[in-house]
Amino acid sequence: MSGQPYTLPEDAVEWAETLKALRDVAGVGQIYPFREQLAKICDRTAQVLREAVPV
């Protein structure tokens, strides 16, 4: 959204930090219009994480 290059988090620590940052900006104007879509994606992702079997 900022136009800056973005890379995905590379490990669990970076994912946790990224999700915390998303949580912190959930009410910000750029994110707010997409909150329902993001919430659904997060819900589905959480379910997959709960059901995942270690490899």
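The following questions and answers go through a predicted model.

User: How are residues numbered, and what limits apply to this predicted model?
Analyst: Side-chain values use heavy atoms, with hydrogens and water left out, and residues are numbered from 1 along each chain as its sequence is written. In this predicted model side-chain atom pairs count only at pLDDT 80 or more, totals for chains, interfaces and linings use all residues, and local features need pLDDT of at least 70.

User: How many helices and strands does the protein have, and what is its radius of gyration?
Analyst: The protein has two helices and zero strands, where helices (H or I, at least four residues) and strands (E, at least two) are DSSP runs numbered from the N terminus.

User: What percentage of the residues is buried?
Analyst: Buried means under 20% relative accessible area, exposed over 50%, and partly exposed in between, with a 1.4 Å probe and protein chains only. Of the 55 residues in the protein, the buried ones make up 4%.

User: Which helix supplies the largest share of the lining of the largest pocket?
Analyst: A pocket is an open set of points on a 1 Å grid over the protein atoms alone, where a 1.4 Å probe fits, with protein on both sides within 12 Å along at least five of seven lines; lining residues have an atom within 4 Å of a point. The largest pocket is lined by 21 residues, with Tyr6, Thr18, Leu22, Ile31 and Leu38 nearest its centre. Helix H1 (12–24) and helix H2 (35–51) each supply at least two residues of this lining. The largest share, six residues, comes from H2.

User: Which residue forms a salt bridge with Asp24?
Analyst: A salt bridge is a side-chain nitrogen of Lys or Arg within 4 Å of a carboxyl oxygen of Asp or Glu, and a search of the whole structure finds one. Asp24 is exposed, with a relative accessible area of 57%. With the closest N and O atoms 3.4 Å apart, the residue paired with Asp24 is Arg23.

User: How far apart in space are Val13 and Lys40?
Analyst: Val13 is in helix H1 and is exposed, with a relative accessible area of 54%. Val13 and Lys40 are 27 residues apart in sequence, and their C-alpha to C-alpha distance is 22 Å.
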